[in-house]
Amino acid sequence: MTTATGRNFIRGQWLNTDEVANDTDPGNGDVVGVLARATSDHVDEAVEAAHSASQEWADLPASARGAILRRAADELESDADEWGRLMTREMGKPFPESRVECVRAAAILRFFAGEGHRPYGEHYASDAPQTWLFTRRHPVGVVGIITPWNFPAAIPAWKLAPALLFGNTVVFKAADDAVLTGLRIVEALDRAGLPPGVLNAVVGRGSVVGAAIADHPAIDAISFTGSTETGRGILETASRTAKRVQLEMGGHNPVIVRSDAALDAAVAAVALGAFASAGQKCTATRRVYVARDLYDDFTEKLVAKATNMRVGYGLDEGVEMGPLVNDVQLQGVLEALERAEKEGQLRCGGKRLVDEPYERGSYMGPAVFTDLPHDAEFACEEVFGPNVAVWPVDHDDEAIELANSTKYDLSAAIFTRDLDAAKSFVERIRAGIVHVNSQTAGAEVHVPFGGLAGSGYGPHEQGRAAIEFYTTTKTVYLDPAG
Ligand code: NAD
């Protein structure tokens, strides 16, 4: 397998630095690439480059900016096999999931390319007789974009594309564990004709490079996706310089399974929601509240599904769950599960896989818990791995109250054939994304995406909602009579 270099991209140039680090494959410990880590001085250079490119980029017609996004989308889509393999090697997700994500990232770029030809701004009737009264949308300026490793193609795509289309310039920092996958979008945009300085990428640690972006006085807005703890720290830092901030953070997503649910479909959706991408999705299913009469059957079937899942290297045919992103992450998850075992019953998985063929990677078996107290750490805090807990419930009110009981409000699902129950759930559940008879994870590219409370801050992302964060509004009173 080849190794690649993760370099910094500033003013249209790819730059090495003095500090290098290995980017390793969590499935077998191989070196996937070498990363050239930046310092805060590189962030300063990147911000300066973004500022110098700002006016010319903002002056281009939006459709011309969109044409660049469209060309990049075409290249990325035709490269989805290779790009997907790189993603799997960097962060472990099975290749079919990686490939789908790459195609989706290209679709996101294409959606935002189309925004260049769609209406934005509004006309109003003025109280003054001659006046045309309308709003215009303008770029915010220089946007800092900080992304996690778990969707290393889709999340950069859904931030970079609207930022650029609406005329902003960008300083982008991808997560260390999947930086090469994120930089692939930068390469494609560069080849598609993006002028130098419009998009700059810095590689490096969150505590150095990410913190420098959050603190930089000449960055106007920050869009961040990652953990709630990091997000809140960024908000605190960014508010010192009164930046606009958008945060997409952790989740602890509930599913309710009512007595009238299609049982096998519910089990399949919970298994997919909990264990795809080794549970490393912000929208992963973590808690399941099952009607008492179905509880035993449901739990038995879920445990059987988890036990029979094929765990293995993400590039191998037929693998359903890959390794966790790295050993530190795996260790953290295993420790949280050990603590949970003192309070509840671990029904399957939850242990490190150490025998051949797993000994060189960060693998564990998918875990199902039962009999946990509702206020157990595991029932309230995000444990970012392949783990889910199940409880019996006696009625809808109890289920919805429990579903609403954590500090996170990202995604939630109900399984039922009763329309009234579904309607009541949609109205009462606290979540930014709600599913009826589908898994908690899963998002289409053209609709708003985002959480509430501890899961999100600021306007939602994706689709037409993205305009709210990436533009400012100017109200124009125009009297043509002069
Ligand atoms: P993380 O918070 O550790 O890191 C996210 C990004 O922030 C990385 O690029 C990291 O280098 C950077 N960073 C770290 N410390 C920083 C600092 N002090 N200042 C500035 N930047 C800093 O998160 P992660 O481990 O990469 O991702 C997993 C988390 O992301 C989970 O909590 C998951 O739920 C969340 N997530 C949320 C969404 C969503 O849309 N709500 C989507 C995907 C992931």
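Q: Why are helix 9 and helix 10 called oblique to each other?
A: In this predicted model, the axes of helix 9 (residues 263-275) and helix 10 (residues 292-307) come within 10 Å and cross at roughly 45 degrees. Angles under 35 degrees count as roughly parallel, 65 to 115 as roughly perpendicular and over 145 as roughly antiparallel, with the rest oblique; helix 9 and helix 10 are therefore oblique to each other. The crossing of these two helices is right-handed.

Q: What makes the contact of helix 9 with helix 10, and how do its residues divide by class?
A: Contact means heavy atoms within 4.5 Å. On the side of helix 9 the contact is made by L263, D264, A266, V267, A268, V270, A271 and F275, and on the side of helix 10 by L294, D297, F298, K301, L302, K305 and A306. By class, this contact has 11 nonpolar and four charged residues, and no polar ones.

Q: Why is helix 2 described as roughly antiparallel to helix 4?
A: Helix 2 (residues 62-78) packs against helix 4 (residues 95-115) at an angle of about 165 degrees, and their axes are 8 Å apart. Because angles over 145 degrees count as roughly antiparallel, helix 2 is roughly antiparallel to helix 4. Helix 2 passes helix 4 in a left-handed crossing.

Q: Which residues make the contact of helix 2 with helix 4?
A: Helix 2 contributes G66, L69, R70, A72, A73, D74, L76 and E77, while helix 4 contributes V103, A106, L109, R110, F112, A113 and G114. The residues of this contact divide into nine nonpolar, two polar and four charged, with Gly counted among the polar residues.

Q: What makes up the lining of the largest pocket?
A: About 1000 Å³ of space lies in the largest pocket. Of the 37 residues that line this pocket, the closest to its centre are W149, G226, S227, T230 and Q329. The elements that give two or more residues to the lining are helix 7 (206-215), strand 11 (221-225), helix 8 (228-240) and helix 11 (327-341). By class, the lining has 15 nonpolar, 14 polar and eight charged residues.

Q: How many cavities of 30 Å³ or more does the structure hold, and what lines the largest cavity?
A: The structure holds one cavity of 30 Å³ or more, and the largest cavity has a volume of about 40 Å³. A cavity is a set of points where a 1.4 Å probe fits but cannot get out. The largest cavity is lined by P254, A403, N404, Y408, D409, L410, S411, A412, R430 and A431, and the elements that give two or more residues to this lining are strand 18 (408-409) and strand 19 (411-415). The lining residues of the largest cavity divide into six nonpolar, two polar and two charged.

Q: What kind of peptide bond joins E356 and P357, and where is P357 placed?
A: The bond between E356 and P357 is a cis peptide bond, with omega about 10 degrees. P357 is placed in the loop between strand 15 (345-348) and strand 16 (367-370).

Q: What is phi of S277, and where is this residue placed?
A: Phi of S277 is near 55 degrees, a positive value in a residue other than glycine. S277 is placed in the loop between helix 9 and strand 14 (285-291).

Technical notes
Residues numbered from 1 in each chain as written. Predicted model: local features only at pLDDT ≥ 70, side-chain atom pairs only at ≥ 80, totals over all residues. Heavy atoms only, no water. 1 Å grid on protein atoms, 1.4 Å probe; cavity = no way out; pocket = protein on both sides within 12 Å on 5 of 7 lines; lining within 4 Å. Points joined across faces, edges and corners; volume = space filled by probe spheres on them. Helix = DSSP H or I, 4+ residues; strand = E, 2+ residues; numbered from the N terminus. Axes fitted to C-alpha atoms, helices over the stretch in contact; angles between N-to-C directions. Left-handed = near helix turned anticlockwise from the far one by under 90°.
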